[in-house]
Amino acid sequence: MKTGHLATRLMLAAIFLAVAVYFGVYLAAYFNDPYTISYAYDYVSEDAVAVTGYVVREEAALAGGGELVYCQRGEGERVRAGGTVALIYPDAQSLERADDLRALEERMQQLLYARNLASGAQTTLRLDEDIAQRLVALRAAMAGGDLARADETSFALRSSLLRRSYAAGGADSLDSSIAALQAQIDQLSAGQDSGATRISADRGGLFSSLADGYESVLTPETIRDMTVADYEAIAPSGQTGGVGKLIYGDTWYYVALMDSEDISHMALGDTVTIRFQKGLDRDLEMTVEAVSPAQDGRQVVTFSSRKYVSLTTLLRRQSAQVIFSSYTGIRVPRSAVRIVSETVTDEEGAPVLDEKGMEQVRRTTGVYCLWGNTARFKPVDVLYSGDDFALVRSTLDTAEEVSKTQEQIRLRAGDEVIITAYDLYDGK
C-alpha cells in the first residue's frame, strides 16, 4: 500500500516538474526575446500651416434696404446688367400681398408640373428617389452649416413632396386644385398695385445678400501693395446691411498674415492648396499672387483663384490651412523601419567583389511583419518621415512585373509590423 502511494506521488511530482520546466522555458524565451507589434494603415500626411485672413473680391453694395424688401435673386445667382435684384415696397400690406401672390404662383408651377408627369409606378418611384436624395442633401447641408444651400434644398424638397402627393391621387382632383388656385391668383393679381421701387444692377455680376462693410475697404487694388501695418489696420466701414451687393469678375483673393519662416516654402506664382475651416466643403488650388516685405518676422500673402467664386459670396474673415505638400502612403512606426545589409553573390553563391577587392553589400530598407508565427521582411520606399512615424509604400508598387512569390513580401494596410524584437531576421 505504501509502495503504491509512493509511486503515485513520484508520478505527480514528475508531471508537476515537467509543467514547471515547460513554462519556465517559455517565460525565459519570452523575456529573452520579446517583441511588440503595430498595425500598418493607409494615411495622408500634409505639410501645412494654419492662418487667418480675409476673402477679397471686386464688389459693390447696393443702395436701399429696410424691412419691406423682397430679393428676387438667390445667393450666388448671376444677374445681367439692368436685371432686377430686389423690390422695395411702400408699406407692409403691399409686401404681404406680393408674398402671397408669389407663393400662389410657385404652387401653381408645382401643380402644373405634377399634372404633366406620366402616371403609374414608374413616376411614383422616380419621385420617391428624388425625395430621398433631397433629404440626404438637406441633412448634409445642415451638418456642414451651409444655410444657403439648406434653404435651396428645403424648397426643392417641398416641391417634390407636393408632386408626390398629387402623383398618387387622381387627375380629377389635380385639375380641380389647379382651377381653384388659378382663381385665387386672378383675384389677387387684379388688386395688385404695390408701387414698389425696383433696384436693378448697373452691371452684370453675382448677387450676395451679405453686405458687411468691407466692400470698399478690401478691394483688389487695396491689397495689391498691402503691408503688415495695413493688414493690422483693416476695419469695416459703417455701411452695412442694405439689399445686398453685387460681385464682379471671376477672380477672387484670400489675403492672410503669415510667418516669414512659413513663406519660405513658396514663391510668387506657386500653386498651393487652401482648405477653409468652414463655409466651403472642398480644397482649393490657389496661386501666390503677392508677398509683402517682412515686418517683425511676418508678411502679408495674397492668394488668387478663378474658380468657385459663386461659392464664396458669404465668406469674409476665414481661418484656413495652407497646404504646401501632401503625402499618401502606409503609416508605420518610425522605429519599425530598418535597413538590412546583405552580401551580393553571383550565380554560384560566391561574394561579388568591387574594384578595391571588397565584398559588395546591398542595403535594403524595409519593415518586418508577422507572417504566421515567423518574421517576414518586406522592402519599402520611405515617402515621408514624421516625428514618430513614417509613410512608406511597398517597392513592389513600382515594379513592372510581380511574381506570385514576390507578392508575399508586399506591404499592405493591416499588416502586423514588428516594432521591437531581439536578433530579428527574415524567417525568424
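Q: What makes Glu215 and Lys245 a salt bridge?
A: In this predicted model, the closest N and O atoms of Glu215 and Lys245 are 3.5 Å apart. The rule asks for a side-chain nitrogen of Lys or Arg within 4 Å of a carboxyl oxygen of Asp or Glu, so the pair counts.

Q: Which parts of the chain does the pair of Glu215 and Lys245 link?
A: Glu215 is in the loop between strand 7 (205-208) and helix 6 (228-232), and Lys245 is in strand 8, 30 residues apart. Both Glu215 and Lys245 are buried.

Q: Which residues do salt bridges that share partners join into one network?
A: The network holds Arg57, Glu59, Asp212, Glu215, Lys245 and Arg316. By the salt-bridge rule, the count comes to 20 salt bridges.

Q: Why is the pair of Arg316 and Glu59 called a salt bridge?
A: The N to O distance between the side chains of Arg316 and Glu59 is 2.4 Å. The cut-off is 4 Å, so this pair qualifies.

Q: Are Arg316 and Glu59 buried or exposed?
A: Buried means under 20% relative accessible area. Arg316 has 6% relative accessibility and therefore counts as buried. Glu59, with a relative accessible area of 8%, is buried because of the same cut-off.

Q: How do you know that Arg57 is buried?
A: Arg57 has 0% relative accessibility, and the limit is under 20%, so Arg57 counts as buried. Arg57 lies in strand 2.

Q: What makes the approach of Arg57 to Glu59 a polar contact?
A: The contact between the side chains of Arg57 and Glu59 is 3.1 Å.

Q: Which residues does Arg57 touch beyond four places away in sequence?
A: Among them are Leu218, Lys245, Ile247, Trp252, Leu315 and Arg316. Arg57 and Ile247 are 190 residues apart in sequence, but their C-alpha atoms are 6.8 Å apart in space.

Q: What makes Asp250 and Arg78 a salt bridge?
A: Their closest N and O atoms are 3.7 Å apart, which is within the 4 Å limit, so the pair counts.

Q: Which residues touch the most other members of the largest nonpolar core?
A: They are Tyr254, Met258, Met266, Phe276, Phe303 and Val322, out of 25 residues in that core. Strand 8 gives the most to this core, with five residues. Apart from it lies another core of 13 residues, including Val56, Leu218, Ile223 and Ile234.

Q: Why does Tyr22 count as exposed?
A: Tyr22 has 55% relative accessibility, and exposed means over 50%, so Tyr22 passes the cut-off. Tyr22 is placed in helix 1 (residues 2-32).

Q: Which residues form a nonpolar patch on the surface with Tyr22?
A: Met11, Leu12, Ile15, Val19 and Phe23 form the patch with Tyr22, and together the residues have about 640 Å² of accessible area.

Conventions:
Residues are numbered from 1 along each chain as its sequence is written. This is a predicted model: local features need pLDDT of at least 70, side-chain atom pairs count only at pLDDT 80 or more; totals for chains, interfaces and linings use all residues. Side-chain values use heavy atoms; hydrogens and water are left out. Patches are made of residues with over 30% relative accessible area and no salt bridge: like charges are joined within 9 Å, nonpolar side chains (Val, Leu, Ile, Met, Phe, Trp, Tyr) within 5 Å. Accessible areas come from the Shrake-Rupley method with a 1.4 Å probe; for residues, only the protein chains shown count as cover. Helices (H or I, at least four residues) and strands (E, at least two) are DSSP runs, numbered from the N terminus. Buried means under 20% relative accessible area, exposed over 50%, partly exposed in between (1.4 Å probe, protein chains only). A nonpolar core is a set of buried Ala, Val, Leu, Ile, Met, Phe, Trp, Tyr and Cys residues joined through side-chain atoms within 4.5 Å. Contact means heavy atoms within 4.5 Å. A polar contact is a pair of N or O atoms within 3.5 Å; within protein, one must be able to donate a hydrogen and the other to accept it, and residues adjacent in sequence count only if both atoms are side-chain atoms.
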